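Here is a predicted model to be examined by question and answer. Each answer is to set a value against its definition and then conclude.

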Amino acid sequence: METPARLTVDLGRLREGRPERLRGTLDAALLAIDDLAQLRPAGPLAYDIEVTLLPGGEALARGALRLPCRCVCRRCGRDFDAEFAEEDFCETLQVEGQNTWDLTESAREGIILVLPSYPICGEGCKGVCPHCGKNLNEGPCGCAQGGDGSPWGALDGWAPQDE
């Protein structure tokens with residue numbers, strides 16, 4: 001099995017003041033995020049990065065990362081597709097003694113930071129009835145407990161009693 005290509009920079013090609021642009025994709029297998037229960041990569045990680053050699057022997061990588069994902073909504077359990085982006089990816093490296101710069105792990109960390117820990121299919125998602133389990137996005141459930149989807153629904157008619 002062929003090893004997926006990594007995101008590497010040939011530092012010998014860099015010239016101070018002349019940035020080099022890197023555009024391409026990384027195999028999602030390199031991201032090692034398949035163990036997230038509600039989120040799975042649905043394609044490769046796309047990157048658009050500009051690498052610049054700075055005065056003083058430091059290299060700067062700045063750009064954007066995008067990852068399409070297949071998600072499970074934490075409110076209603078429905079599958080949905082979403083794309084997550086890190087528009088401000090930024091890394092630096094002291095170049096002295098280095099021939100190449102592997103940005104793969106930095107790109108992985110950068111995209112993981114923008115992935116939601118609680119993915120939802122939309123702000124208007126009503127979730128499921130906490131009593132009967134019906135998806136309330138498809139209409140009211142009609143169960144005896146009300147099924148408005150709100151965990152606070154039982155308090156809607158509550159009023160404090162005078163002592």
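**Terms and values**

Arg 18 lies in the loop between β1 (8-10) and β2 (20-26). Strands (E, at least two residues) and helices (H or I, at least four) are DSSP runs, numbered from the N terminus. Residues are numbered from 1 along each chain as its sequence is written, and side-chain values use heavy atoms, with hydrogens and water left out. In this predicted model local features need pLDDT of at least 70 and side-chain atom pairs count only at pLDDT 80 or more, while totals for chains, interfaces and linings use all residues.

Q: Why is Arg 18 called exposed?
A: The relative accessible area of Arg 18 is 57%. Exposed means over 50%, buried under 20%, and partly exposed in between (1.4 Å probe, protein chains only). Arg 18 is therefore exposed.

Q: Why does Thr 52 count as buried?
A: Thr 52, in strand β4, has a relative accessibility of 16%. That value falls under the 20% limit, so Thr 52 is buried.

Q: What does Thr 52 touch, not counting residues up to four places away in sequence?
A: Thr 52 touches Pro 19, Glu 58, Ala 59 and Leu 60, where contact means heavy atoms within 4.5 Å.

Q: What makes β2 and β4 a pair?
A: Two strands pair if DSSP finds at least two bridges between them. Seven bridges join β2 to β4 (residues 45-54), so the two strands pair, and they run antiparallel. Within this pairing, Leu 22 has Ile 49 in β4 as its bridge partner.

Q: How do you know that β4 pairs with β5?
A: Nine bridges join β4 to β5 (residues 58-72), against a requirement of at least two, and therefore they pair. These strands run antiparallel, and Leu 53 stands opposite Ala 59 in β5.

Q: What lies between β4 and β5 in their hairpin?
A: Three residues lie between the strands, and Gly 56 in the turn has a positive phi of about 95°.

Q: What share of the protein counts as buried?
A: Of its 163 residues, 34% count as buried.
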